[in-house]
Amino acid sequence: MHAFPDPHPDRRRFLAMTGATILTSQAGAAQDPPLAPPDKQPPHVRVPEPVAKTVGWAVVGLGQLALEEVLPAFAKCRLSKPVALVSGHPDKAKKVAAVYGIDPKNVYDYENYDTIAKNPQVDVIYVILPNSLHAEYTVRGLKAGKHVLCEKPMAATVAECERMIAAGKEAKRKLMIAYRLRHEPFNRTAIDLCRKGEVGKIKLITASNGQDTKAPNIRLSKALAGGPVEDVGVYCLNAARYLTGEEPTEVTAVAVRPKDDPRFREVAESVAFTLRFPSGTVAVCDCSFGVAGVRRYTVQGAAATLSMDGAFGYAGQELVLEKDKRKAKFDLSPVNHFAAEMDYFSTCVLKNENPLTPGEEGLADVRAIIAIAEATRTGRPVPIPR
Ligand code: NDP
């Protein structure tokens, strides 16, 4: 057989080193493929194995995220089943319950929510409420003896976060903050590459997350703990922390609130902030509610540059590592972020393991968010207390 010389031996070595796949395909041996699978059984479709035990979930707050992403994602879960709903709108909740096959007896409102304690079908509560309500419904859920997955940002204040952590410890129940990007392969690979030193010493991180937020929206309300840093900036902040594996010590920040746009009566439109890390890394982040939308980060190391377009979206991540003028694009199989996150937490519950992003992880972001707010008010660098 004739062997062709490898035209890209260096590139191939580089790709093997990083784990990236080669995107150019080589034609295989020319054979006539069979035109139909034998016995009409598609050979490449995996038949799921039954699982010994599933975990029952209650979803609290039937807004955009719950209705458009989380509830549909249960169809892709193996271990997690929706068994209860909590909502201030009973008609909507009953309708949603019917769609997902949830017993109407398992529909709660915000007053009788605590009686969920008596429902053995519910193992986990997923809090998907406005940020200002995360603490109350997490603490009540933990006191009801349930494990809680709480949306980001964890809460509005450090004191609230501390109360949530203490409630979990007291109830001996798990508390996880919903950082879905820790459960999808592109961001996980970016973390691995940074930890393995593929980019060398990390000097700079730039991160942007913006969208055009239309009113009315919980994100534009100060009373509901909205704001661009709390909502979209937290992704940049969290990414800077998970890419470096360090805790920032100091922030600077500038906020913009245009006077002629009524959306920004209570919260800023855009915030730019920097984070200083102990090893010398600086992260330069920006977030906005008034832009068409960018969701990306770049890690500039002494040896290589890693960048991710679409970094914070529900899908569409593009991870590229650039080293010695060569680019490796990672061809990874995407997953449904919410399904992966929920099944991960169900596994923690079933195996009695501590989650990757417990309350302390959410608290670290909230400490930085509060420091960023102070820096926007004072115009000075603000230390982040530990
Ligand atoms: P929505 O405004 O669409 O939904 C919030 C829901 O909370 C409402 O529909 C309502 O449900 C309930 N609610 C209870 N009290 C109030 C109140 N006082 N004002 C408004 N709503 C109330 O918000 P989202 O679904 O977009 O966001 C919810 C949470 O999820 C936020 O913390 C946000 O940061 C987070 N999020 C996370 C994302 C991620 O990728 N991880 C993406 C998007 C959001 P009901 O009518 O059933 O009572």
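Helices and strands here are DSSP runs numbered from the N terminus, helices being H or I with at least four residues and strands E with at least two. P153 lies in the loop between strand 5 (147–150) and helix 5 (158–171).

A word on the model. It is a predicted model: local features need pLDDT of at least 70, side-chain atom pairs count only at pLDDT 80 or more, and totals for chains, interfaces and linings use all residues. Residues are numbered from 1 along each chain as its sequence is written, and side-chain values use heavy atoms, with hydrogens and water left out.

Back to P153. The peptide bond joining K152 and P153 is cis, with omega about -15 degrees. There is also a cis bond from A215 to P216, omega near -5 degrees. P216 is placed in the loop between strand 7 (202–210) and helix 7. A225 sits in the loop between strand 7 and helix 7 too. A225 is not a glycine, yet its phi is positive, about 60 degrees.

Now the ligand. What surrounds it? The shell has 26 residues, and the closest are S87, K92, Y110, N131 and R180. Near means that a heavy atom of the residue lies within 4 Å. By class, that shell holds 12 nonpolar, 8 polar and 6 charged residues. On classes: Ala, Val, Leu, Ile, Met, Phe, Trp, Tyr, Cys and Pro count as nonpolar, Asp, Glu, Lys and Arg as charged, and the others, Gly among them, as polar. Helix 2 (64–73) and helix 7 (228–244) each supply at least two shell residues.

Next, backbone partners. A polar backbone atom of G88 is 2.8 Å from a ligand oxygen. For L129, a polar backbone atom is 3.1 Å from a ligand oxygen. The ligand alone exposes 900 Å², and the protein buries 81% of that (Shrake-Rupley areas, 1.4 Å probe).

On to empty space. Rolling a probe the size of a water molecule over the atoms shows where empty space is left. The grid is 1 Å, over protein atoms alone; a cavity is a set of points where a 1.4 Å probe fits but cannot get out, a pocket is an open set with protein on both sides within 12 Å along at least five of seven lines, and lining residues have an atom within 4 Å of a point.

Where does the ligand sit? It takes the space of the largest pocket, the test being that more than half of its atoms lie within 2 Å of the grid points. That pocket holds about 890 Å³. It has 36 lining residues, with Q64, L65, R219, D231 and Y314 closest to its centre. Helix 2, helix 7 and helix 8 (337–351) each give two or more of them. Helix 2 has the largest share, 5 residues.

The second largest pocket holds about 580 Å³. Of its 23 lining residues, K222, G226, E230, A373 and R377 are closest to the centre. Helix 9 (359–378) is among the contributing elements, and helix 9 gives the most, 7 residues. The lining divides into 15 nonpolar, 3 polar and 5 charged.

Last, the largest cavity, with about 50 Å³. Its lining includes K152, R180 and Y242.

Note on methods:
A polar contact is a pair of N or O atoms within 3.5 Å; within protein, one must be able to donate a hydrogen and the other to accept it, and residues adjacent in sequence count only if both atoms are side-chain atoms. Grid points are joined across faces, edges and corners, and a volume is the space filled by probe spheres set on the points.
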